[in-house]
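Me: Please take a close look at the aromatic rings in this protein and how they pair. Start with the protein as a whole, then go to the rings.

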Amino acid sequence: MSYYFEVSGETAWNPSLRIGKWYLSFAETAAELIQRPTGLTPSDDDTCAVNMQMFRQFVEGLLECYASTRHPVQHGLMRGVLLTSLVILERGGVAIAPKSEREASLLEEVEIFARSM
């Protein structure tokens with residue numbers, strides 16, 4: 001079984017059901033911590049609509065939080081949800097320009113990470 005993340009009716013990502021639920025859980029927790037809504041609206045039919053305007057703001061907030069510290073544990077904890085979110089954002093047609101070296105370094109990993117999605 002799969003979980004579909006859809007942008008304007010198009011599938012941006014369709015992981016297994018379990019992975020999709022893990023991601024949603026991590027994203028919701030991250031949204032609480034950075035105080036921004038995710039832009040993700042899950043449905044009972046194992047799909048999740050992605051509001052790209054809100055999702056972009058969420059991802060930008062995650063990226064700012066990531067780049068604001070050198071704490072290796074925080075980076076490790078944020079990395080999975082952030083890279084996954086950046087791939088979904090990119091697949092939805094939105095590119096983010098890095099604002100710092102730390103952001104640029106992470107954004108370089110998106111293409112490689114996307115291959116496993």
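Reply: Of the 117 residues of the protein, 43% count as buried, where buried means under 20% relative accessible area, exposed over 50%, and partly exposed in between (1.4 Å probe, protein chains only). This is a predicted model, in which local features need pLDDT of at least 70 and side-chain atom pairs count only at pLDDT 80 or more, while totals for chains, interfaces and linings use all residues. Residues are numbered from 1 along each chain as its sequence is written, and side-chain values use heavy atoms, with hydrogens and water left out.

The protein has five helices and four strands; helices (H or I, at least four residues) and strands (E, at least two) are DSSP runs, numbered from the N terminus. Along the sequence they follow the pattern β-β-α-β-β-α-α-α-α. The radius of gyration is 13 Å, close to the 13 Å that the globule rule gives for 117 residues, so the protein is as compact as a globular protein of that length. That radius is taken over C-alpha atoms, and the globule rule is 2.2 Å times the number of residues to the power 0.38. Along the principal axes, the C-alpha atoms fill a box of roughly 40 × 25 × 25 Å.

Now the rings. A pair of aromatic rings is described by the distance of the centres and the angle of the planes. Rings of Phe, Tyr and Trp (its six-membered ring) pair if their centres lie within 6.5 Å; planes under 30 degrees apart count as stacked, over 60 as edge-to-face and the rest as tilted. By this rule there are six aromatic pairs. In one of them, the rings of tyrosine 3 and phenylalanine 5 have centres 5.3 Å apart and planes at 40 degrees, so the pair is tilted. Tyrosine 3 and phenylalanine 5 are both buried.

Another pair is formed by tryptophan 13 and tyrosine 23, whose ring centres are 5.7 Å apart and whose planes are at 85 degrees, so the pair is edge-to-face. This pair links distant parts of the chain: tryptophan 13 lies in strand S2 (residues 10–13) and tyrosine 23 in helix H1 (residues 17–34), ten residues apart. Tryptophan 13 is buried, with a relative accessible area of 6%. Tyrosine 23 is buried too, with a relative accessible area of 4%.
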